[in-house]
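Subject: Structure for your review

Dear colleague,

Please find below the structure that I am handing over to you.

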Amino acid sequence: MIKKAGKFFSLAIAISLMLSGCGKSSLAEVNYSIKCYNVGKGDAFLIYSDDSAVMIDTGYKENADDLLSDMEDLGVESLDCLIISHFDKDHVGGAAKIIDKMDIKRVISTYQTNEDKRTVKFFEALEEKGIDDEIISENKSFTIDDAEYDVYPAQSREYSDKEDNNSSLLVRMSYEDFSMLFTGDAETERLSEYSSYGDISSTILKVPYHGHFQSILSELVKQCSPEYAIITSSNDVPEDIDTMKILEQSDIKTYITRNGDILIQTDGSNVKISQ
């Protein structure tokens, strides 16, 4: 939930962006924002409006304080939903502290877990707060505020390689004509399941697995047909050149979190992206 002052905050940002002329086009107002955090080779996204907030992944343990501080600055007092795409430490690492410090109404995750310390802390934090972990095993759609969320779980419980990555939830958030597809660390086996999801066309694609090259990426890009792409990578582990070539050949404007936090704003039709 966002403090009431968030409406004035959103309006001020919209005016500032219109005056600066950055982004694709002018926004009459900012109805939804998505913060893509620079957490190194990890994922952390905050989707928020004046009346709701959803977080997808939480970066590393070390990122939790910065994420909490930024949410406080944005006026985010609670989360309507926390989604953990899978249980690698660069996705679930900050979750325990965020759960401890914030009011969270709903938590969604995948079936595949591990004995990593950060995963254990995540479940301990849920138990301490009396929050159930909702494991998604079938395609699920729900609405929060005015945005629709489509969650696509892994269709298999066994993959030949990297079951943790391939258990990643895919999440498509849409609001009017705007949409963004979040792909966690899904690799080729998992991504090949997209054909059963129906229409996954999206304004923005969060490139899977930190921009590591996937043989199926060209097909995914064609199916998704995004205008923009977001890659979560680090200077130590940068995105692959072949991944960038595919995006460039498809004329997709790409933003990379290792260059800094990314702010996406939309009125439901137009989009502004700043970094």
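Predicted model: local features only at pLDDT ≥ 70, side-chain atom pairs only at ≥ 80, totals over all residues.

Is M55 buried or exposed? The relative accessible area of M55 is 0%, and because buried means under 20%, M55 counts as buried. Setting aside neighbours within four places in sequence, M55 is in contact with Y37, F45, L46, M71, L79, C81, L82, I83 and I98. By contrast, Q155 lies 100 residues from M55 along the chain, and the C-alpha atoms of the two are separated by 23 Å.

A residue of helix α5

A125 is located in helix α5 (residues 117-129). Its relative accessibility is 10%, so A125 is counted as buried. Apart from neighbours within four places in sequence, A125 is in contact with A96 and I99. A125 and A96 are 29 residues apart in sequence, yet their C-alpha atoms are 5.3 Å apart in space.

The sheet of 7 strands

Another open sheet, also with mixed pairing, has 7 strands in the order β9-β10-β11-β12-β13-β14-β15. Its edge strands are β9 and β15 (253-256), each of which pairs on one side only. Neighbouring strands in this sheet are turned against each other by 15 degrees on average, direction ignored.

You may follow this sheet from the β9 end. Strand β9 (residues 140-144) pairs with β10 in the antiparallel sense over 5 bridges, and S141 has D150 of β10 as its bridge partner. The hairpin of β9 and β10 has 2 residues between the strands, and in this hairpin D145 takes a positive phi near 60 degrees.

How many of the 6 residues of strand β10 (residues 147-152) are buried? The number is 5, and the strand is mostly covered. β10 is also joined by 5 bridges to strand β11 (residues 170-175), and these two strands run antiparallel. Here Y152 stands opposite L170 in β11.

Further along, strand β13 (residues 204-206) and strand β14 (residues 228-231) run parallel, with 3 bridges between them. I204 has Y228 as its bridge partner in β14.

Helices α8 and α9

Helix α9 lies across β14 and β15 and runs at about 165 degrees to β14. Two packed helices are described by the angle between their axes and the distance between the axes. For helix α8 (residues 217-224) and helix α9 (residues 241-249), the axes come within 10 Å and cross at roughly 30 degrees. Angles under 35 degrees count as roughly parallel, and α8 and α9 are therefore roughly parallel to each other. Their crossing is right-handed. L217, S218 and V221 of α8 make the contact with T243, I246 and L247 of α9. Of these contact residues, 4 are nonpolar, 2 are polar and none is charged.

Two residues with positive phi

Most residues other than glycine have a negative phi, and most peptide bonds are trans. E176, in the loop between β11 and β12 (178-182), is not a glycine but has a positive phi near 55 degrees. H210, in the loop between β13 and α8, is not a glycine either, and its phi is positive at about 60 degrees. Which of these is buried and which exposed? E176 is exposed, with a relative accessible area of 56%, whereas H210 is buried, with a value of 0%.

Yours sincerely,
A colleague

Key:
Residues numbered from 1 in each chain as written. Heavy atoms only, no water. Axes fitted to C-alpha atoms, helices over the stretch in contact; angles between N-to-C directions. Helix = DSSP H or I, 4+ residues; strand = E, 2+ residues; numbered from the N terminus. Parallel < 35°, antiparallel > 145°, perpendicular 65-115°, else oblique. Left-handed = near helix turned anticlockwise from the far one by under 90°. Contact = heavy atoms within 4.5 Å. Nonpolar A, V, L, I, M, F, W, Y, C, P; charged D, E, K, R; others polar. Buried < 20%, exposed > 50% of the residue type's maximum accessible area, 1.4 Å probe, protein only. Pairing = 2+ DSSP bridges.
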